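Take a look at the model below.

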Amino acid sequence: MMKRFKYALLAGTFVVASVVAPTFSSDAAAAGKWVKDSKGYWYKTTKGKGNGYAKDEWVEGYYLDSKGYWTYKAKGKWKTDATGKYFQDSKNWSPKSQWQTIDFKTYYFDANGYMAKKEFVKGRYINKNGVATSIKDGKWVKGTGENAGKKAYQFSKTKTLKNGWYRIDGRDYLFSKYGWVVTWRVVKSGGKYYGFDSAGHPKEYTKISAGSKVTGSITFEVTNANKVKAAKDMNTFLGLCTKDGSSRTLYVDKVKKTISNKGGTMYVDNMTLVNYVKKFAKTTSCTVTGLGSVNTLFDALNFSGLGSTNKPYKYTVKIGNSKFTKFVMRANYLIFVVDGKKYQGAYENEKLYILGDVSNAKFVKSLKTAGAFGATKVIKQTDKK
């Protein structure tokens with residue numbers, strides 16, 4: 001393919017005086033005019049890259065070399081296919097991975113030769129028409145302090161990209177409302193789930209369909225200092241996943257008790273759960289069995305606030321043979337540790353989404369054996385565009 005540097009070499013191989021003059025078009029003609037001298041044709045204009053003339057650029061489909069002369073005779077024009085818009089000359093050469101100035105506007109063409117649009121390329125913003133704008137200072141910046149490890153994209157000195165998808169140097173990134181790139185998570189955007197690696201690039205995730213029952217339990221590990229707070233959270237959680245008027249089994253320090261839901265408040269031995277736990281100063285472990293359906297369990301974890309961070313106590317969710325600790329669930333997004341490894345994911349509409357390919361993970365097999373989850377599918381991902 002013809003490279004840009006080749007244009008300069010062509011300058012000494014063509015006899016310019018013997019060729020036909022360029023055919024004018026109204027757009028370029030309004031910006032200047034063609035002039036012929038002893039060396040050939042050049043374009044007189046105040047818009048070009050030269051001092052009063054166009055150089056190293058295309059005008060009306062004709063390429064003007066670094067000295068401003070029309071030497072390369074293969075005429076170029078815009079073309080469009082199902083993928084996008086591109087520029088090609090009569091010798092089938094197209095610019096790739098480079099900038100080109102065409103009729104006094106600067107464009108960038110990707111590695112496949114297609115015109116870039118609505119994205120930052122090498123710090124410069126390209127608008128929806130593919131034209132490079134005056135914004136040239138876009139750059140990645142790193143978070144500090146509590147935001148250490150995060151990254152944002154800054155331009156125009158103080159502005160940052162926020163709340164949506166943006167394309168930068170040929171890659172798509174999702175930015176939070178605070179301006180940080182979404183990384184190492186499975187999140188929902190525009191009604192669809194996406195997985196991201198530590199750089200904010202697409203990463204596969206595993207979608208697992210929920211089963212019917214949770215054959216497991218939840219255990220609260222509490223001390224004198226935090227048992228009242230734990231009991232209150234237990235009461236809220238159990239009130240959400242236990243029907244009014246029904247009961248289930250509770251083990252307090254391995255002592256079996258019956259816990260009942262009366263109008264949303266849990267009772268043990270005719271005492272509220274909170275007062276019961278409060279009374280027994282030696283309480284170190286409370287385990288509730290028979291958690292109900294998977295959907296009920298996750299809804300209760302989500303809406304009870306039990307899955308929020310900074311709890312003063314520990315709790316473990318056991319499903320089948322797997323134990324889930326450091327469980328955080330907020331607005332359907334979840335984090336947990338199982339078999340010594342931390343996972344990120346989401347739960348919605350009876351579907352569990354876990355970052356990465358976990359289809360053969362031990363805990364997934366355990367969940368399926370327990371009937372908590374069923375069909376598993378690994379979703380491969382590419383850039384959004």
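This is a predicted model: local features need pLDDT of at least 70, side-chain atom pairs count only at pLDDT 80 or more; totals for chains, interfaces and linings use all residues.

Start with the charges. Side chains of opposite charge can pair when their charged atoms come close. In this structure there are seven salt bridges.

Go to Asp172 first. Its side chain meets that of Arg167 in a salt bridge, at 2.9 Å from N to O. Is Asp172 buried or exposed? Asp172 is buried, because its relative accessible area is 7% and buried means under 20%. Arg167 is buried too, with a relative accessible area of 17%. Glu119 joins Arg167 and Asp172 in a network of salt bridges.

Now move to Arg171. Its partner is Asp383, and the salt bridge between their side chains spans 2.8 Å, N to O. Which parts of the chain does this pair tie together? Arg171 sits in strand β16, residues 171–175, while Asp383 lies in the segment after β31 (373–379). The two parts are therefore tied together across 212 residues of sequence. Arg171 is partly exposed, at a relative accessible area of 30%.

The side chain of Lys257 forms a salt bridge with that of Asp269, 3.0 Å from N to O. Lys257 belongs to strand β22 (residues 255–262), and Asp269 to the loop between β23 (265–268) and β24 (271–272). So this pair links parts that are 12 residues apart in sequence. Lys257 is partly exposed at 22% relative accessibility. Asp269 is partly exposed as well, with a relative accessible area of 45%.

Rolling a probe the size of a water molecule over the atoms shows where empty space is left. A search of the whole structure turns up one cavity of 30 Å³ or more. The largest cavity holds about 100 Å³ of space. Which residues are closest to its centre? They are Phe298, Ile319, Phe324, Phe327 and Leu352, out of 13 lining residues.

Several elements build this lining. Those that give two or more residues are α5 (294–303), β26 (314–319), β27 (322–330), β28 (333–338) and α6 (362–369). Helix α5 gives the most, with three residues. What kind of residues make up the lining? The lining has 13 nonpolar residues, no polar ones and no charged ones.

Conventions. Residues are numbered from 1 along each chain as its sequence is written. Side-chain values use heavy atoms; hydrogens and water are left out. A salt bridge is a side-chain nitrogen of Lys or Arg within 4 Å of a carboxyl oxygen of Asp or Glu. Buried means under 20% relative accessible area, exposed over 50%, partly exposed in between (1.4 Å probe, protein chains only). Helices (H or I, at least four residues) and strands (E, at least two) are DSSP runs, numbered from the N terminus. On a 1 Å grid over the protein atoms alone, a cavity is a set of points where a 1.4 Å probe fits but cannot get out, and a pocket is an open set with protein on both sides within 12 Å along at least five of seven lines; lining residues have an atom within 4 Å of a point. Grid points are joined across faces, edges and corners, and a volume is the space filled by probe spheres set on the points. Ala, Val, Leu, Ile, Met, Phe, Trp, Tyr, Cys and Pro count as nonpolar, Asp, Glu, Lys and Arg as charged, and the others, Gly among them, as polar.
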